[in-house]
Amino acid sequence: MTTKNRTDFFRSFAAFGLILGTLFFAASLTPSLVPRHPFVQGALSGLCLAAGYGIGVALRAFWRGMQLPLPPKSILRAGQIGAILLCATAAGFALWQASEWQNTLRQMMGMEPVDGSRPLIVGGLALIVFLVFLLIGRLFRSILIRLSAKLSRHVPGPVAVTLALTLTAILFWQVGNGVIVRQIFQIFDNSYARFDALIEDSSPRPTDPLKTGATGSLLTWEGLGRAGRETISRGPTRAEIEALAGGPAREPLRVYVGLNSADTVEERARLALEEMIRIGAFERSTLVIVTPTGTGWVDGESQMSLEYLLRGDVASVSVQYSYLASWLALLANPEYGKETARAVFALVYNYWRALPRETRPKLYVHGLSLGSFNSDLSHDLFQVIGDPFHGAFWVGPPFLHHTWSSVTKQRNPETPFWLPEFRDGSVIRFTSQKNKLINTDKHWGPYRVIFLQYASDAITFFDPNSLWRKPIWMEKPIGPDVSPDFRWIPVVTFLQLVIDLMTAVQTPYGFGHKYFFDHYLDGWASLTDAQGWTLQEIEDFKLRFRAKQNTISD
């Protein structure tokens, strides 16, 4: 590139765009809900720099298009230079302070501090990302100008510009959403599908005929997929439950149907019911319909906590509906699993309600993340009002969760958005890291719904409206696991939360979207009444379980 070309390139930048972009870049370094890896932070900062620059260019174009007055060039130039220097100083300060902001949040979550090379990585990657978006923006502008010039030969100038802008926007949307995004989702889906098909040594085929996929089962071990094989093979045995929980126990029953187990939703749901009948799932004291996450994964922390609590006298059933990670499915089609969830619930519920009331098990629905969302959609009031099941335990509910959204909006006054109370608490209760389900004199009815959520979980607290307004959950008092340095900034906070949503599981257990065994145990104990346990015995069991897990990890 010659000296003249370099000069022309730098002169092509809009001063107001650079000012706003630099401010957005600095703001992007402030903390949000999830600690960020330097590469993630660099990508986010570059995106914010590009967004700020684009908004600045658009505002300048609007100002000029409206033919609004401008100050004299000398004053304008001096103001621009001063503003750029001020913004550059702000960006430098933010880069210097960024590690401290991240370390404050990391310390709250018990994570190791970041190292000193972070600002160089963040700054370099942000510049690369910004230049990529700049090239895309200039390509858009070039097409717009050429198309407008051609159209102006046939229609008046303002009409030509409007038509050109509309057509260019449609072109870019079709290419971006219809080609690039579709291909990205296809790549993710194919990669998850291949990963799901891998036969791993850590999930050997069971020999117990009461295990799904074993000899005598209606389902093949290969057809369960990776998530299904993991679900079946990694549960506690009867002997392990007796040793850790004390007292006599039973072998827990788990049924899992993978996407490859049958061709249609109806066939997979029917297989699930027939397998449940085969192994005697309806003869247990408790039965749980577990809707898995987008990848088909069922959180072992949740299943183990319930199986230990009920000393194995429980059966669960799960049917896979997707390969995609929950955050991808949320962005693409959140109701993708609704059909499967409704088919499974209808078959299991109808069989259950036909059993004698005095001998049939307690029936609950359960789900984490996207599983929680689709579990909520698995039934409706009119379907169950004549013979209600016993309740629901929904964990990390996505921000689109229908019941969660409705109840949270109608929460009792003076209760925080991130941990609300609803009416008299006889039907629906919320809890978090600190167990809010105990030490209460409120009546717990026969039908119960529990929401377990962390204030730092972006899957739950992502707010599309944060683009232009402050989310309600950022009002004081904020959640105990949210950084006190988190500030709402238009556009920037929205982009931060988008990244947080994508990286919500990159936290230790007990924060973000990684739910902890102890908190699951508290929820199940309240939901089922935990017969045979006192509160102190539950706390002692948590210590024994944690000691066992530490021994295994060592």
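A: Start with the terms: helices (H or I, at least four residues) and strands (E, at least two) are DSSP runs, numbered from the N terminus. This is a predicted model, in which local features need pLDDT of at least 70 and side-chain atom pairs count only at pLDDT 80 or more, while totals for chains, interfaces and linings use all residues. Residues are numbered from 1 along each chain as its sequence is written, and side-chain values use heavy atoms, with hydrogens and water left out.

Q: How many cavities of 30 Å³ or more does the count come to?
A: Rolling a probe the size of a water molecule over the atoms shows where empty space is left. A cavity is a set of points, on a 1 Å grid over the protein atoms alone, where a 1.4 Å probe fits but cannot get out; lining residues have an atom within 4 Å of a point. A volume is the space filled by probe spheres set on the points, which are joined across faces, edges and corners. The count here is three cavities of 30 Å³ or more.

Q: Which helix gives the most to the lining of the second largest cavity?
A: Helix 10 does, with four residues; helix 10 spans 300-309. The volume of this second largest cavity is about 60 Å³, and its lining includes Ser302, Gln303, His366 and Trp524.

Q: What supplies the lining of the largest cavity?
A: Strand 2 (286-291), strand 3 (314-319) and helix 12 (338-353) each supply at least two residues, with the largest share, four residues, from helix 12. The largest cavity holds about 80 Å³ of space.

Definitions and conventions. 1 Å grid on protein atoms, 1.4 Å probe; cavity = no way out; pocket = protein on both sides within 12 Å on 5 of 7 lines; lining within 4 Å.
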